[in-house]
Amino acid sequence: KEFLNKIYEINPSIIHLHGLWRMHTRITHEFVRKGIPYIITPHGMLDKWALNQSVIKKKLSWRIWEKYAFDNCSIIQALCDSELETIRKMNSSWKTLKITNGITIPSKENSSLIERPQYWQGIIPNDANVLLFIGRFHKKKGINQLIKAWEIVTRAKDNKNWWLCFVGSGDLRIMNNKNLHKIYKRILVLKPAFGLEKEKIFKNSSAFILPSFSEGLPMAPLEAMSYGVPCLISENCNLNKAIKIGAAIETNPSVDEIVGSLKILFKLNSRERRKISQLAYKYVCENHSWDKITCEIKSLYRSI
């Protein structure tokens, strides 16, 4: 009731709901009763892997309120082609539209290297290469497989100059709540970073990795690409076009595949890395700039 009262105080012309299985989709019958149109963006929460987690709870939730929310919304926004296909297979009568995620593109003037992140200093050598994971620590991100693969590849003598840096929060087996800067086989775990510190982390990273089991359309690799950081991503990140044109390297959430992709990364020369970096930057500018996405969102809102 408190949540609804806050919404009614705003008196919105339209409501945009992000994600499923929480309070906001439980009260859509009130939006219908008040005649307020709403949009749902599932953010990958309808894909097969996601639905297989807490199956019984989700089946009950679907029957009681989630299906109602979908049946009565003005439109369902999909973030990528695979999500659009999944939604249409569930119910072809639902109105759907694909509008992808957007990011703010860093200006070229500010994209030169700046000083190293505060929490790297005195821990990661200045001449080291850093493989970055930034985001939520969760099993669906392929973190356990990544750590096992890292332990394998870092045994080789020619990989001693690489470090793996986790930035974020959540459930990670190597995390020590009392000391987030624990070093373990050239692995550094840091708390979430924002603003200038986050920018420093991206600009000083040699590569980015996200070997997820399930995603909608993740923001972290888009941000990494906007800084020209070569990305290793799974097909479940739904950035297949970037992989296809050589703007990213595919790595799926199995130890063997991650080991293979890391070996490819470590062998890249400066020219090859630069090419991936340039393709990545061009890809996000053309496909995920907020300038483009906001126009599409505004058009959608006006149509409703």
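**Exercise 1. Find the residue in β8 that is the bridge partner of Leu131.**

Solution. The partner is Ala207. Step one: locate the strands, which are DSSP runs of E, at least two residues long, numbered from the N terminus. Strand β5 covers residues 129-137 and runs parallel to β8, with two bridges joining them. Two strands count as paired if DSSP finds at least two bridges between them. Step two: go to the other pairing of β8. Strand β9 (residues 231-233) pairs with β8 over three bridges, in the parallel sense. Here Ile209 stands opposite Leu232. From β8 the chain passes through helix α9 (residues 219-226) to β9, a right-handed β-α-β crossover.

This is a predicted model, where local features need pLDDT of at least 70 and side-chain atom pairs pLDDT 80 or more, while totals for chains, interfaces and linings use all residues. Residues are numbered from 1 along each chain, and side-chain values use heavy atoms, without hydrogens and water.

**Exercise 2. Decide which residues cover the two faces of strand β8 (residues 207-210).**

Solution. Ala207 and Ile209 lie on one side. Phe208 and Leu210 lie on the other. All four are buried, meaning under 20% relative accessible area with a 1.4 Å probe, protein chains only.

**Exercise 3. Work out why one side of β1 and of β4 is left without a neighbour in the sheet.**

Solution. Start with the strand order: β1-β2-β3-β4, an open sheet with parallel pairing. β1 (15-18) and β4 (96-98) stand at the edges, so each has a single partner strand. For β4, three bridges join it to β3 (residues 75-78).

Technical notes:
Buried < 20%, exposed > 50% of the residue type's maximum accessible area, 1.4 Å probe, protein only. Right-handed = clockwise from strand over helix to strand, strands pointing away.
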